[in-house]
Amino acid sequence: MSNNNKELTLSAPLSGPVLTLGQVPDEVFASHAMGDGIAIDPLNDCLHAPCDGVIIHVARTGHALTIRADNGAELLMHVGIDTVELNGEGFALLVKDGARVTNGQALVQFDLDRLARRCKSLVSLIILTNGEQFELQPLARKTVKVGEPLMRVLARSTVGDETAVDNVSAEASASVRITHRGGLHARPAALIRKTALGFSSQARLHYGDKSAPCDSLVGLMALGIGEGDEVRVSCRGTDGEAALQALIAALSVPVTAQHVAPVAATPRRASNEANVLQGVCAAPGLVCGPLFRLAGIELPADIGTHAVDDQRQCLDTALEQVRSEIRTTLAHARQRQHVEEEEIFAAHLALLEDPALVEAATAAIEHGSAATHAWRDAIQAQCTVLLALGKPLFAERANDLRDLQQRVLRALLGEAWHVELPAGSIVSAHELTPSDLLQLSAQQAVGICMAAGGATSHVAILARAKGLPCVVALGADVLDVPQGQRVVLDAANGRLELAPSEARHAQVHQIRDAQQLRRQQQQAQARQPARTLDDVSIEVAANVASSAETQVAFENGADGVGLLRTEFLFVDRRTAPDEQEQRQAYQAVLDAMGDKSVIIRTIDVGGDKQLDYLPLPVEANPVLGLRGIRMAQVRPELLDQQLRALLQVRPLARCRILLPMVSEVDELLQVRQRLDELCAELELTQRPELGVMIEVPAAALMAEQLAEHADFLSIGTNDLSQYTLAMDRDHAGLAARVDALHPALLRLIAQTCAGAAQHGRWVGVCGALASDPLATPVLVGLGVRELSVSPLQIGEIKDRVRHLDAAQCRQLSQGLLDLSSARAVRHACQHHWPLS
Ligand code: PEP
Ligand code: MG
């Protein structure tokens with residue numbers, strides 16, 4: 001063995017025929033998701049060290065171990081396929097974790113016969129797991145004997161390379177449980193990758209006997225880590241400890257708050273009605289129109305011979321073209337504050353930059369494939385890996401890979417995404433991708449139906465965000481419906497009606513026309529104040545997250561901002577905003593609201609909301625942990641800085657400050673006192689109004705005591721539901737039951753209003769219940785005087801208020817408190833105050 005600094009020749013750890021990874025009967029290894037390497041079909045029964053080094057990981061079950069060679073290369077040696085399932089049976093470990101070993105030393109003895117009988121294959125792998133620093137050169141041989149040269153490990157260019165292997169720094173590592181909903185699928189994996197790229201250390205994620213570098217999205221996804229699984233993170237480098245803390249924070253929290261209410265996925269049921277296909281609602285709405293069948297790209301068989309360099313160049317150019325298209329999409333999404341769109345395409349960009357995909361395609365080109373086929377095959381191999389994990393969320397991410405497959409193929413074939421979509425079409429396809437959906441929405445498609453797909457897919461999220469009715473999982477029958485056939489898509493009920501009568505068509509048109517007309521009328525009156533029939537004034541304000549959204553709210557008639565969620569002003573950045581920057585951001589919101597008042601909530605992080613630049617301590621139960629105002633307990637300087645910035649906006653009288661997650665009076669008194677001190681320091685004669693959010697049952701029950709010291713109360717029904725009903729607000733399976741119209745919630749709202757009235761304070765609602773028109777009469781009846789709603793619903797809610805009699809609402813809503821369930825309340829509301 002030679003060890004010329006970074007160059008190293010590995011000797012064969014086993015005797016037997018040598019195979020390439022592509023020949024290994026396992027998708028994960030064959031697709032290079034674990035890294036580059038080589039395989040041996042063993043004829044002997046002992047694994048030997050391929051070089052001098054240190055054993056840095058030993059699988060508990062003895063079937064795999066990793067050695068770090070003296071030049072820093074890390075090599076995973078894995079005996080057989082799926083041998084983890086033997087749970088140690090038939091393996092005898094001859095070394096321990098941390099042991100120093102010499103080239104040729106025996107490491108693991110195994111029972112060849114037993115393995116041959118009990119596991120899928122004996123083929124054993126030698127995988128380079130830090131391929132970002134090293135590369136492999138196989139020393140071509142058909143069969144090897146233990147100790148014979150097997151391959152060469154070469155350092156990738158290291159001169160001036162900051163990512164050169166670091167043998168000096170100690171490895172920082174820790175275990176963490178994954179709390180991302182559904183496990184480590186594309187979006188959480190993209191967050192992990194983004195976090196890892198912010199540090200110079202080499203970070204890896206270890207799960208069971210597999211591991212992947214944190215900068216490989218495909219590698220991370222292929223680990224198949226589910227929600228609740230425990231993983232180990234290791235970081236090596238000068239900033240290893242900081243990288244480890246940031247990664248732990250990123251791994252143990254959900255990516256961001258959900259901005260779109262999840263649609264409960266009902267399982268597909270067969271329709272008993274003739275000419276009706278039954279699927280699952282991904283985005284509600286009722287539309288009719290001609291069906292337009294959209295087909296994907298099919299490649300002919302690859303029969304040509306290709307110049308490797310040309311094909312590599314073609315692939316590079318196509319990848320760059322698609323990257324630049326996605327960057328443009330991202331910039332637009334960011335400008336328009338389309339958070340879901342931004343997250344989805346940021347994950348696509350990361351996938352496209354994934355070394356595992358690009359390397360697999362390049363390897364296929366080097367073996368003679370055309371760039372088109374090489375790219376298609378690389379994507380398909382990864383899709384197979386994701387589908388084989390048997391977890392629906394991972395399977396849905398395969399659709400994101402197919403999106404990239406289509407885009408890059410189009411770029412390679414020189415085709416633009418182009419279809420002549422007849423006006424008002426309902427588009428059908430096997431499964432559309434997120435970029436298809438953006439294109440179709442821009443081309444005025446009125447509905448989407450798919451044979452496959454799921455209600456939690458990225459396409460579904462985008463369809464909901466764009467208000468485009470969409471049904472998924474309709475089955476292959478939908479693909480047989482002739483082009484141009486007129487259909488009705490009743491998305492809320494998951495139905496595609498294939499042969500609607502003329503009368504049904506007319507009815508759908510009528511319903512849509514009536515909806516449109518009503519919307520126009522509501523918009524025309526949206527800027528007028530809202531008063532009930534008996535002259536009770538209700539302020540209809542807006543929930544916003546930026547000055548751009550404030551502008552939209554102002555144009556749509558908002559009476560003010562009822563909730564500015566300041567945490568969303570600072571997402572997607574790696575450094576904290578300073579006082580000046582914060583002041584400017586708040587001032588911009590005030591300026592966008594004309595002469596109307598703006599309620600600014602102090603930062604509410606923790607729980608389901610995280611900021612990249614503010615890694616928080618890992619908590620066993622973050623939703624019950626240091627979130628909202630409780631953060632001031634551990635980071636008082638953050639609140640102090642924010643209060644200073646807020647006190648500098650002008651005119652200060654238009655700014656009201658709101659405190660999140662208050663659960664006792666002292667929290668309010670402390671901030672009040674601090675505000676008074678800061679006002680004195682800044683020589684202000686008047687402090688802005690200070691309000692308290694009622695988001696936890698304790699606050700609602702103590703409303704009277706809080707109202708004594710607060711200027712107003714604002715009910716956050718999202719969290720109040722979560723904490724009252726003990727149901728996670730983001731739990732897809734409980735989505736239909738986390739309903740703020742539950743009688744228990746109504747009692748807390750009634751108690752809050754009564755407590756506030758004792759001290760002459762007003763009460764608003766800024767949770768999602770305020771945007772639900774069915775709830776408007778109940779809230780007005782219970783004494784709420786301000787509703788803060790999503791900007792596009794201001795006209796609708798004002799219209800609803802104008803048709804109510806507050807005295808009647810008061811009387812009828814008392815009776816709702818005694819009902820037995822949220823369902824019963826909804827039913828009664830429909831009866832008392834029908835929604836047409
Ligand atoms: C709420 O909890 O209802 C609320 C408005 O706050 P957020 O949704 O930001 O937690
Ligand atoms: Mg809240």
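Here are some numbered notes on this structure, which is a predicted model.

1. Let's start with the overall build. The chain has 836 residues, and a compact globule of that length would have a radius of gyration near 28 Å; the value here is 30 Å, so the two agree. If you draw a box around the C-alpha atoms along the principal axes, its sides come to roughly 95 × 70 × 45 Å.

2. Next, what is inside and what is outside? Of the 836 residues, 55% count as buried. The accessible surface of the chain is about 34,100 Å², and carbon and sulfur atoms make up 50% of that.

3. Point 8 has a worked example you can find on screen.

4. A quick word on charge. There are 75 positive and 100 negative side chains in the chain. The centres of these two sets lie 3 Å apart.

5. Now for the nonpolar cores. The largest one has 96 residues, and those with the most contacts inside it are Leu 706, Leu 713, Leu 746, Ile 749 and Leu 787. Helix 22 (residues 743-758) gives this core its largest share, seven residues. A second core is separate and has 89 residues, including Val 233, Ala 347, Leu 357 and Val 472.

6. Helix 12 is worth a look. It covers residues 458-466, and seven of its nine residues are buried, so the rest of the structure largely encloses this helix. Which residues are the buried ones? They are His 458, Val 459, Ala 460, Ile 461, Leu 462, Ala 463 and Arg 464. Notice that the list includes Arg 464 as well as residues such as Leu 462. Just after the helix comes Gly 467, with a positive phi of about 65 degrees.

7. Some backbone details turn up in loops. Asn 275 has a phi near 60 degrees, which is positive even though the residue is not glycine. You'll find Asn 275 in the loop between helix 5 (240-251) and strand 20 (276-278). Its relative accessible area is 48%, so Asn 275 counts as partly exposed. Glu 683 is another non-glycine residue with a positive phi, near 55 degrees. This one sits in the loop between helix 18 (665-681) and strand 33 (689-694). Is Glu 683 buried or exposed? With 71% relative accessibility, Glu 683 counts as exposed. There is also a cis peptide bond between Arg 650 and Pro 651, with omega at about -10 degrees. Pro 651 belongs to the loop between helix 17 (636-647) and strand 32 (655-659).

8. Finally, here is the example promised above. Ala 526 lies in the loop between helix 13 (502-525) and strand 28 (530-531). Although Ala 526 is in a loop, this residue is buried, with a relative accessible area of 1%. What does Ala 526 touch, not counting residues up to four places away in sequence? Its partners are Asn 556, Gly 557, Ile 794, Gly 795 and Lys 798. The C-alpha atoms of Ala 526 and Ile 797 are separated by 9.1 Å, while the two residues are 271 apart along the chain.

Definitions and conventions
Residues numbered from 1 in each chain as written. Chains lettered and ligands numbered in written order. Predicted model: local features only at pLDDT ≥ 70, side-chain atom pairs only at ≥ 80, totals over all residues. Heavy atoms only, no water. Rg over C-alpha atoms; globule rule 2.2 N^0.38 Å. Buried < 20%, exposed > 50% of the residue type's maximum accessible area, 1.4 Å probe, protein only. Areas by Shrake-Rupley, 256 points an atom, 1.4 Å probe, with all protein chains shown as cover. Lys, Arg positive; Asp, Glu negative; His and termini not counted. Charge placed at Lys NZ, Arg CZ, Asp CG, Glu CD. Helix = DSSP H or I, 4+ residues; strand = E, 2+ residues; numbered from the N terminus. Core = buried A, V, L, I, M, F, W, Y, C linked by side-chain atoms within 4.5 Å. Contact = heavy atoms within 4.5 Å.
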